[in-house]
Amino acid sequence: MAERLLIRALKGGKSTKIITLSGKKLTKMPCALEKLPGLRTLHLQNNLISKVCSEVHNLTQLTTLNLGNNLLEEVPEEMKYLPSLKKLHLFGNRINRFAPGACDGLQNLILLNLNNNQLTWIPEEISRLKNLTYLSINRNQLASIPRELCFLKNLSELQLNHNQLICIPEEIKFMKMLQKLFVVQNSIEVLPEGFCDLINLRVLNIAGNIIRIFPQGFQNLKLRECYCEENPLFLKQPVRAEIKQDVWSLQEITSRFIMNQLAENSPFLMQAIEGYPEVRNTISKGRQCSICGKLFLTTWMECVEFVSPSKDWKISRNLQQIPLRVLICSFNCFNQRDSNLFGIAKVQSE
Ligand SMILES: [Zn+2]
């Protein structure tokens, strides 16, 4: 049947630019496609196609391919033979993997839509889609984002709603063009500090996660819209708590001494530390106290500061005050805090 449907197109010969064969119950792609090397747009959505035929090799000028709502189980390897492809729709299939090499030839791809599939992971090779601007993988089963995804420098919109993500990689800071990020209904607990480097981010939707607090600097983002309904955000509800004396471990005392000496450019220590990579590694994890400015190793005290969001932000109702994470080195400093800072937990390892 598909062949018959194509006859009219074939009469048009090489000049045929668009073919629409959606909802025709096709179980495979029509072989006659190979006779249409000038084809630019191919709509094959809402069929029963489970495999991409090898005839697509000839479609070197194809810019849009819609295979949405079919029966594919992988992002097909044949995609690498479509060097002109700009828009690829694969939503509503049964895709659970990328075929090896699938990302190899798609150098011009701008849009990739993988919504409503069964992906549990994204391969590192995604970083080869250098021109990708719009990526949508809503309603899959992703448990993580590979850091390589963050190397897509041109990505301006990323949609990962309704997955099982528990975190966002620190490398997200490399996505300097990112303007819109949607991670609704996942299990994200913490936004990385690198998040605050997303200078072009304008729309953020993190509704339906388990975020309690935002990284310091979040309030300076140039957002236009920020939605965070259904998150257990810290609210400004002070509760009296008993304050105990600081007891530091020997490692903490030593690390603080070394880190603060290094910060003052102590030449003796700077030279000595060269020979101890494990010490350098440990102290590279040091953090700075928001009160006294000194460095410490373990998160001695996590506090929350409430700031009002910028008037330019369109916000969800639960974000009248942004809870920001503030780290403090000791109870001594905690006692010198200003009235807008609250202690929330004592996180202490060893
Ligand atoms: Zn301090």
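How much area is buried between domain 1 and domain 2? I looked this up in a predicted model.

**Domains.** I took domain 1 as 2-227 and domain 2 as 250-309 + 323-345. Over C-alpha atoms, I find 42 Å between the centres of domain 1 and domain 2.

**Interface.** I read the buried area between domain 1 and domain 2 as about 810 Å². Carbon and sulfur atoms give 51% of that area. On the domain 1 side, I note that Ile213, Phe214 and Gln216 lose the most area to domain 2. Together these three account for 57% of what the domain 1 side buries. I then turned to contacts: nine residues of domain 1 touch eleven residues of domain 2.

**Polar and charged pairs.** I looked for salt bridges between domain 1 and domain 2 and the count is one. I also list a salt bridge of Glu193 with Arg287, whose closest N and O atoms are 2.6 Å apart. For polar contacts across the interface of domain 1 and domain 2, I have four residue pairs.

**Zinc site.** Which protein atoms are the donors of the zinc ion? I find the SG atoms of Cys289, Cys292, Cys329 and Cys333, at 2.3 to 2.4 Å from the zinc ion. Along the chain, I write the spacing of these donors as C-x2-C-x36-C-x3-C.

Terms used. Residues are numbered from 1 along each chain as its sequence is written. This is a predicted model: local features need pLDDT of at least 70, side-chain atom pairs count only at pLDDT 80 or more; totals for chains, interfaces and linings use all residues. Side-chain values use heavy atoms; hydrogens and water are left out. Domain bounds come from an automatic or database domain assignment. Contact means heavy atoms within 4.5 Å. Buried area is the accessible area (1.4 Å probe) that two parts lose on being put together, summed over both. A salt bridge is a side-chain nitrogen of Lys or Arg within 4 Å of a carboxyl oxygen of Asp or Glu. A polar contact is a pair of N or O atoms within 3.5 Å; within protein, one must be able to donate a hydrogen and the other to accept it, and residues adjacent in sequence count only if both atoms are side-chain atoms. Donors are N, O and S atoms within 2.8 Å of the metal (3.2 Å for Na, K and Ca); water is not among the atoms, so sites may look incomplete.
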